[in-house]
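Please keep the sequence and the structure in view while reading.

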Amino acid sequence: MNLFADLLATTKTPVLETGPRIQKGRRGVEIKSAREIATMRQASRIVATVLRELLELAAPGMTTGDLDSHAEKRIREMGATPSFKGYHGFPASICASINNEVVHGIPSSKRVIQAGDLLKIDTGAYFDGYHGDSCVSLCVGQGASEEAQTLCRVAQESLMRGLAQIKAGNTLLDIAGAVQDHVEAHGFAVVEDYTGHGVGRNLHEEPSVFNFRTRDLPNMKLRSGMTLAVEPILNAGSKACRTLRDRWTVVTADGSWSAQWEHTIAVGSDGCEILTDRDF
């Protein structure tokens with residue numbers, strides 16, 4: 001899940017600007033207690049469970065609306081509320097972005113998934129006062145191009161490279177540099193318009209967790225108890241993006257394909273715990 005609030009415009013015109021988007025007026029970084037992290041672990045397990053099911057369900061001929069219906073049903077069955085639905089007016093429980101769609105794709109009963117599509121599924125769950133947030137990418141069925149498969153793989157690898165840098169005392173730039181180096185080593189581009197974020201009682205909290213080296217965002221030192229949503233987004237072509245007239249769906253400016261992976265994590269003294277780990 002990206003910075004939804006920063007995508008919204010106060011007018012009806014599409015949002016087309018580029019560059020790092022920083023939410024204004026948010027509270028400072030919150031250090032979570034062991035009790036709070038335990039609750040976030042439960043919220044994140046719900047997210048991980050739903051994504052694991054969607055990865056198995058997604059197939060040619062299904063619609064993105066089918067996936068959204070399943071996600072909402074399962075999130076509610078497990079005692080949580082979909083984090084995304086109604087958030088600043090977003091109409092669904094997942095973001096389903098296909099091929100050149102970068103983020104915030106709106107699910108639809110009319111959007112049929114085709115064999116070879118590169119599908120991004122992003123979802124969140126709100127449980128007992130706390131959020132979990134995660135995104136996966138997959139090449140659906142047979143027929144995906146070699147580039148699409150590589151893009152998907154490198155996106156996941158770049159996330160794990162970034163997470164390997166997380167421990168108390170390291171900085172946000174340590175994460176960003178590891179992500180950027182891996183992405184660019186494979187000839188892809190890091191999307192700079194959208195970043196990861198803190199997560200907890202609010203879906204989006206401080207700090208902005210960027211995936212590229214910059215002096216325009218605060219290079220915060222990590223502390224035990226911080227909870228972050230780390231989410232590299234990369235394009236096969238240019239990093240430039242634009243927003244469609246629905247005011248949500250973001251696409252690549254040059255039509256190239258895009259991939260994204262995201263985990264909610266808790267910072268520890270000697271590493272991080274991946275709260276949305278699907279391997280359970």
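## Ring contacts, a helix and a hairpin

In this predicted model, R52 lies over the face of F280, at 4.0 Å from the ring centre. R45 also lies over the face of F280, with 3.9 Å to the ring centre. The two placements are set out below.

| Residue over the ring | Ring | Distance to ring centre |
|---|---|---|
| R52 | F280 | 4.0 Å |
| R45 | F280 | 3.9 Å |

In one of them, F90 and W248 have ring centres 5.1 Å apart and planes at 80°, so the pair is edge-to-face. Because F90 lies in the loop between β1 (81-82) and β2 (94-98), and W248 in the loop between β11 (241-243) and β12 (250-252), the pair ties together parts that are 158 residues apart in sequence. F90 counts as buried, at 1% relative accessibility, and W248 is buried with a relative accessible area of 7%.

How far apart are the end C-alpha atoms of helix α4? They are 26 Å apart, which agrees with the 26 Å that the 18 residues of α4 (residues 146-163) should span at 1.5 Å a residue. The buried residues of α4 include A148, L151, C152, V154 and A155, and also among them are S158, L159, G162 and L163.

Strands β7 (residues 196-198) and β8 run antiparallel and are joined by three bridges, forming a hairpin with six residues between them. Within this pairing, G198 stands opposite E205 in β8. Strand β8 (residues 205-209) is mostly covered, since four of its five residues are buried.

Conventions:
Residues numbered from 1 in each chain as written. Predicted model: local features only at pLDDT ≥ 70, side-chain atom pairs only at ≥ 80, totals over all residues. Heavy atoms only, no water. Helix = DSSP H or I, 4+ residues; strand = E, 2+ residues; numbered from the N terminus. Expected span 1.5 Å × (residues − 1). Buried < 20%, exposed > 50% of the residue type's maximum accessible area, 1.4 Å probe, protein only. Phe/Tyr/Trp six-rings, centres within 6.5 Å; stacked < 30°, edge-to-face > 60°. Lys NZ or Arg CZ within 6 Å of the ring centre and 35° of its normal. Pairing = 2+ DSSP bridges.
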